[in-house]
Amino acid sequence: MYQQNSETCLQKLSVKSKDKLTKVLIFLLNYPDRYIPVCDNGKLTGTVDKLKLANLSRRKLERLTVQHLKEDAPFIALESSSTEVLEKEMRNKRIEHVYIIDNEFNFKGIRSISLVQSKKVFDRLFDISVDEQREV
């Protein structure tokens, strides 16, 4: 899935560095992904990791802006990238979301894929042992 970006869509998908955390906190907490894109003047300048919000006190939230929590975007790709190759790499590296940019770092949207959640070996062994006990 590729979410194409327009100016209004850009505002719905991202926050700005100068935004006060208290102003965008609800948006950040309800954002469906762990990393929220930060765009300034249409350019992707970083992300905010939603997990870092949990450790902030109310007092800090009132003082800080998005800039204080902003870090480099974990996964980006050029919009000219082959969809097939990009999705193959995302599956191989188990990446669900990639930020799409153009050659000038303008934010163009997000490419998302669904990854199949596989059970761990221990989980499979536990399931087998439970099934065996039911048969007895």
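I began with helix α2, residues 21-30, and looked up its buried residues: Leu21, Val24, Leu25 and Leu28. Viewed down the α2 axis, these buried residues fall within an arc of 145°, so they line one face of the helix. I note that the model is a predicted one.

I then checked the other side of α2, where Lys23, Ile26 and Asn30 are exposed. Next I asked what covers the buried residues of α2. The cover includes the strand β2 (35-40) and the helices α3 (50-53), α4 (58-63) and α5 (66-69).

Read from the N terminus on, I get the order β-α-α-β-β-α-α-α-β-α-β-β-α.

I looked up burial over the chain as well: of its 136 residues, 36% are buried. For contacts with a separation of 6 or more, I find that 49% are between residues 24 or more positions apart. I put the accessible surface of the chain at about 9,500 Å². Carbon and sulfur atoms hold 52% of that surface.

My last entry is on asparagine 106, which I located in the loop between β5 (97-101) and β6 (107-112). Is asparagine 106 buried or exposed? Its relative accessibility is 17%, and the cut-off for buried is under 20%, so asparagine 106 counts as buried. I listed its contacts, leaving aside neighbours within four places in sequence: asparagine 106 touches Gly42, Lys43, Ile100 and Ile101.

Key. Residues are numbered from 1 along each chain as its sequence is written. This is a predicted model: local features need pLDDT of at least 70, side-chain atom pairs count only at pLDDT 80 or more; totals for chains, interfaces and linings use all residues. Side-chain values use heavy atoms; hydrogens and water are left out. Buried means under 20% relative accessible area, exposed over 50%, partly exposed in between (1.4 Å probe, protein chains only). Helices (H or I, at least four residues) and strands (E, at least two) are DSSP runs, numbered from the N terminus. The arc is that of the directions from the helix axis to the C-beta atoms. Contact means heavy atoms within 4.5 Å. Accessible areas come from the Shrake-Rupley method with a 1.4 Å probe; for residues, only the protein chains shown count as cover.
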